[in-house]
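Colleague: I have the coordinates open. Walk me through how to read them, one feature at a time.

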Amino acid sequence: MPEIIEPFRIKVVEPIRMTTRDERERLLGDAGYNVFQLRADDVLIDLLTDSGTSAMSADQWGALMRGDEAYAGSRSFFRFRDVVRDLTGFEHVIPTHQGRAAERILFSTVCSPGDLVPNNTHFDTTRANVEATGAQAVDLPAPHGLVPSEPHPFKGDMDVAALERLIDEKGAARIPLVMVTVTNNTGGGQPVSMANLRAVSEVCRRHGIPLYLDACRFAENAWFIKSREDGWADTPVKEIARAMFDLADGCTMSAKKDGLANIGGFVATHDAALARQEENLLILTEGFPTYGGLAGRDLEAIATGLEEVVHEDYLAYRVASVRYLGEHLAREGVPIMQPPGGHAVYLDAAAFLDPMPRTDLPGQALTAELYLAGGIRGVEIGTVMFGRTDPESGQEVPSRMELVRLAIPRRVYTESQIKYVIDVILEVWDRRSAIGGYRIVEQAPVLRHFTARFEPLT
Ligand code: F0G
């Protein structure tokens, strides 16, 4: 059996442009060696993110034409709402323009200054939206999720004992909700087991605290439960997803991931009174509750995407193609976070470029080299993104890990393109000792990774 078969034919193609190393040297230099500053047209294989980059199906493109653009009571809203209700069981469904808008609406409705919001690991916009309300975002990852080389099947789990301790110490009254991110983006989309979700849900119910899923990659998580957790092998993924949502009281969703759409999201809940409050806030910034900042056609594309994403041929292919990339690299000794997750492979740049000092920015150096070597764009998740300047010494404090994320867009690249990515990385691996570091020559005070300019040290 082949490792991967794409369960689709390609009807529309988008040319991508091969460039020479000389051209890429010039383009990257002009971009200040920051891949965020490149034009996408100058990238051959773009693995910057899996968010909003999915290829839509013929059915989704067909659905766009059925979009009802009525301001209020659009037919497309009702179709969208019914698909989300059928999938999640949540009665109240509020569309938003993307995931972070859903987060802002949820947290600014339920959080107050001094509150605490536990999560297995907050995504950065989720953390920022919690903290914007004056509440504190608390990450409680399970200990087995924190060892990069440990191939545990459910590295996204929450530390249930730590959750109980937090509730005992701080009191349930200060915790307006608990959130579990499926899959856990930090670490490359590591799944959360049903057993862990059930245990978290039981703690929350015992203390009367609502449990929310950050459901961006719920279908990939459900697939991992089916393929890795005892007792689920014969259950359809859609039913597994429903069992996950049944353990929660609501969810936020970025439809740019497992919605297979290029834009959109929603917040959903069983709680009618909360939904009314959220809708009032929605009207202020996003739009009327039957479109929430989206066009009617977007609602149609998301509805169809949510129906397609639980198809098991698709999920088998999806997870196999990410695993294929990770395993072929690991087999040759390339250090990656293990095991490969649902949507991304993380290269361990500190180990890859060992003994480069952390102050020479190994994550940035590897990201730049992947572009120079093969026109591949990944993203540094290391000192450039998370390092900080010590206020006393003025010295740069490196982040805990130096990673380069290769996120795989859904249904976009073929197996031969992934093979090309493997070949380029192995070629860079072979001459790793000749790769030099970088220094920052210009940076913004916050979120510097998007706009910083760098200079090669050699
Ligand atoms: N939650 C998680 C777990 C995410 O990964 C993201 C986005 C969001 C929330 C926010 O959703 O972008 O629609 O507002 N992650 C993207 C990424 C940006 O590249 O991982 P959004």
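Colleague: Start with the ligand. By class, how many nonpolar, polar and charged residues does the shell around the ligand have?

Modeller: Keep in mind that this is a predicted model. The shell has 9 polar and 7 charged residues, with 2 nonpolar ones. In total, 18 residues surround the ligand.

Colleague: Which residues are the closest to the ligand?

Modeller: Thr49, Arg100, Ser254, Lys257 and Arg405 are the closest.

Colleague: Which helices each supply at least two residues of that shell?

Modeller: Look at α4, residues 99–110, and α5, residues 124–131. The largest share comes from α4, with 3 residues.

Colleague: Now the polar contacts. How should I read them?

Modeller: Look for N or O pairs within 3.5 Å. Take the oxygen atoms of the ligand. A polar side-chain atom of glutamine 98 sits 2.9 Å from one oxygen atom of the ligand. For asparagine 185, the distance from a polar side-chain atom to a ligand oxygen is 2.8 Å.

Colleague: Which residue places a polar side-chain atom 2.8 Å from a nitrogen atom of the ligand?

Modeller: That is aspartate 214. As for cover, the ligand on its own has 470 Å² of accessible area, and the protein covers 93% of it.

Colleague: What is phi of leucine 361 near?

Modeller: It is near 60°, a positive value in a residue other than glycine. Leucine 361 is in the loop between α13 and α14.

Colleague: Why does leucine 361 count as buried?

Modeller: The cut-off for buried is under 20% relative accessible area. Leucine 361 counts as buried because its relative accessibility is 5%.

Colleague: And arginine 411: what is its phi, and where is it found?

Modeller: Its phi is positive, about 65°, although arginine 411 is not a glycine. The residue is found in the loop between β14 (403–407) and α16 (415–430).

Colleague: Does the cut-off put arginine 411 among the buried or the exposed residues?

Modeller: Buried: arginine 411 has 15% relative accessibility, so it counts as buried.

Methods: Residues numbered from 1 in each chain as written. Predicted model: local features only at pLDDT ≥ 70, side-chain atom pairs only at ≥ 80, totals over all residues. Heavy atoms only, no water. Near = heavy atom within 4 Å. Polar contact = N/O pair within 3.5 Å; in protein donor to acceptor, adjacent residues only side chain to side chain. Areas by Shrake-Rupley, 256 points an atom, 1.4 Å probe, with all protein chains shown as cover. Helix = DSSP H or I, 4+ residues; strand = E, 2+ residues; numbered from the N terminus. Nonpolar A, V, L, I, M, F, W, Y, C, P; charged D, E, K, R; others polar. Buried < 20%, exposed > 50% of the residue type's maximum accessible area, 1.4 Å probe, protein only.
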